[in-house]
Amino acid sequence: MPSPLLTLRGLGKSYGSVRANHAIDLEVAEGSIHAILGENGAGKSTLMKLIYGVETPDAGEILWRGAPLRVTSPAEARRAGIGMVFQHFSLFDTLTVVENISLVVPGTKADLGQRIRTLGQTFGLDVDPQAYVHALSVGERQRVEIIRCLMTDPRLLILDEPTSVLPPQSVERLFQTLQRLKEGGVSILFISHKLDEVRAICDRATILRAGTVVDNVDPRGHDAHALARMMIGHAMPEMAHARSLAPGEVLLQVDRLNHRPDDPFAMALADMSFEVRTGEVLGLAGVSGNGQAELTRLISGEWTLPRADAERVRMMGRPVGDRGAADRRELGFAFVPEERLGRGAVPDMSLADNSLLTAHRLGLVRNGLIDRTREAAFTRRCIEEFDVRAPGPEAEAGALSGGNLQKFIVGRELMLAPRLLFVAQPTWGVDIGAATAIRRRLVELRNQGCAIFVISEEIEELFEICDRVMVIREGRLSPSLRIAETDVQEVGRYMVGTREGTGGGDERAHS
Amino acid sequence: MSGLAFIIAGMLAAATPFLLAALGELVAERSGVLNLGIEGMMAFGAVVAFIIVHQGGGHAAGFLAAGVAGMALALVFAWLALSLRANQVAAGLAIAILGEGLSALFGKTYESTTVTGLPKIAVPGLADLPVAGGLFQQDPIVWLTLLATLGLWYALRFTKLGLVIRAVGENPGAARAIGYPVLAIRYGAVAFGGLMAGFAGAYASTVYTPLWAEGMIAGRGWIALALVVFATWMTGRVFFGAVLFGAVSLGGLAAQASGVSLNSQFLASLPYIVTIIVLGIISSNKRLLKINGVASLGEPFGP
């Protein structure tokens, strides 16, 4: 029996007192698609960085085709035949596709351009070599990353959560590409926490939990529930489906909103109209970069419109388009932004002081002075009620894990008892347990009569908590679809646009 | 000589100290490092070159030594800002003050002494043109600086090295992920900036006004810094801005000579005002700023 392409023996890596990886054993066979499955924070990314030479292991060894391999830099890994596509792409926006590739692959631009086209045809990765990267959609950027890897002729291609940025149709297309690569003799290490896709294309799955290998299985032989149990260590929490309520009063109304930003890389919004009523959750789906960031800032009040356009955004029946965030919050509006650190919370400040940022209205400030006792009490209540794993109100926000900080921020906003809540990416980078808790809270709040507007890139999440869903694409909105009357495929078609939707999903962020 | 001919003949030489310093700073900033120490590196280069030329070492040795002196200060800055990850603004200001101090210290005994400048080289034929003829009669450093401008424009735009420098400036994390030594590249870019600032100082003290006076760099390093930003990090615009500044400062002199009665303080400030207004208007194009701007400028980068 030939030795496996890649073997890890007892690999370990610690950061300070945190053991990110411990005694990892792994074998990747030639010509296989091997999944590394695990929750956020299970140590998947660290492991890939060790293999790709971004980080050096503290313990254990890496064998490449049976011989010991020491990689101390990505360049060495590439020379050995290991390529990696990062979750956050390592591309340069202000350079063209071919310039980006020429940073890694030697050759003249004309020559490289030709090879990019040939590879594109062979593996279904078409992209224009002369295009600037900032003008490409996320799916196209990922293709550029994959092409760049393939041009160094790797034997092993590592993909870090490749589907998390793609609409469903592009996922399909990526899987076809991976199959063709496998047939071409390239092994693939596929990192994911999505069970269905691992079952769909992987031959082998290694499951990580808390930095160690808990199992090594053929994913096709197990159902999603069994895999989930291995991944999180207990059965997956079930989500109680919400009964639908009679729609009530309109609390958020966006009426023919147009916006043209100064920033050339930002998306212009065109003719947006929608409303959110009490007792309902409206979701906004879409591939990132299609105007979500711009719409978010216009609704949160971080960006304001000229006074003449104040009527374009109404909250609780009042025109607020020209009002700042504080004025909108006075009306009973609360907001959880996508970025936890920097926008949702100040990393260097304690949780107590972070509570104060939005909860100062609840009597935490008297005569211009902070009431420390009440501040601490409020924070302690938030920590308890929302199961935030933190030492106490004095803990620094930046020291909490992503999931815990998100629970804290969501909790803080919910404790304001808002009439209208706006949440962007409620469970982004949050582990399954915390994500389920947050979703359940949102549904509870809706049942109490709050109007909720949610932006998410995870369609499954929207289907779980929303009553209606809209899709944003190139700064325009689709009609709103009742969850009960639509399905993932239909939403996916709106995400890539009906025209390209039939052609296999060539979504562009800018046209 | 008419006022216009005077301006045309002198503007390139007047622009050269700015241009040399700004080209160096352009490379450093393109790699993501904001080096505010240019003024000090120019001042230090100026005194080193002046001493060597004054002692009879010749201009070639003077320029070389000034370049090395500028580079040495730049490396001190790089060590602080890159290796120790100090705040780049604070480190740059400290180096600027240090350079000016060193310059005053070493130049003390040479105060008000002079050296001989460099002879001009004329382009045969063109130098005899009416009015514009003076443009084709310049000292060798001006010609070399023009070549350097062209070379740098080409290098940043069309060569692999230029691509790597731009990539490091835009996204150092990604550059490291694909295997480029970000800190080494930034060290190189900052050192190049110091070298050019040293040359700029040498030109100011031994060719343009070959006379030593304390504080003779007189803020030219700061103007060079402003030129880079206002030129939205484009080589051609840096050149244009430097020449505009040179032309307007000569225009003030020409106006005075021809008897226009203008406040001399106003005339002295005119080049600053005109350059800021013109480049300010040019750089108000947000799209260009975003595309040519250096995303990681001034941010420390560490493993």
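## Burial of a phenylalanine in chain B

In this predicted model, B:Phe63 is buried, its relative accessible area being 9%, which falls under the 20% limit for that class. B:Phe199, by contrast, has a relative accessible area of 22% and is therefore partly exposed.

Over all chains, the structure holds 13 aromatic pairs. One of these pairs joins B:Phe63 and B:Phe199, whose ring centres lie 6.3 Å apart and whose planes meet at 45 degrees, so the pair is classed as tilted. Because B:Phe63 belongs to helix α3 (residues 59–83) of chain B and B:Phe199 to helix α8 (residues 182–208) of chain B, the pair ties together parts that are 136 residues apart in sequence.

## A stacked tyrosine pair

A stacked aromatic pair is formed by B:Tyr203 and B:Tyr208, with 6.2 Å from centre to centre and 25 degrees between the planes. The planes count as stacked because the angle is under 30 degrees. Within this pair, B:Tyr203 is buried, with a relative accessible area of 0%, whereas B:Tyr208 is partly exposed at 31% relative accessibility.

## Rings in chain A

In chain A, ring pairs link A:Phe274, A:Phe335, A:Phe422 and A:Phe453 into a cluster.

A further arrangement involves a charged side chain and a ring: A:Arg441 lies over the face of A:Phe386, at 4.1 Å from the ring centre.

Key:
Residues are numbered from 1 along each chain as its sequence is written. Chains are lettered from A and ligands numbered from 1 in the order in which they are written. This is a predicted model: local features need pLDDT of at least 70, side-chain atom pairs count only at pLDDT 80 or more; totals for chains, interfaces and linings use all residues. Side-chain values use heavy atoms; hydrogens and water are left out. Rings of Phe, Tyr and Trp (its six-membered ring) pair if their centres lie within 6.5 Å; planes under 30 degrees apart count as stacked, over 60 as edge-to-face and the rest as tilted. Helices (H or I, at least four residues) and strands (E, at least two) are DSSP runs, numbered from the N terminus. Buried means under 20% relative accessible area, exposed over 50%, partly exposed in between (1.4 Å probe, protein chains only). A charge sits over a ring if NZ of Lys or CZ of Arg is within 6 Å of the ring centre and within 35 degrees of the ring normal.
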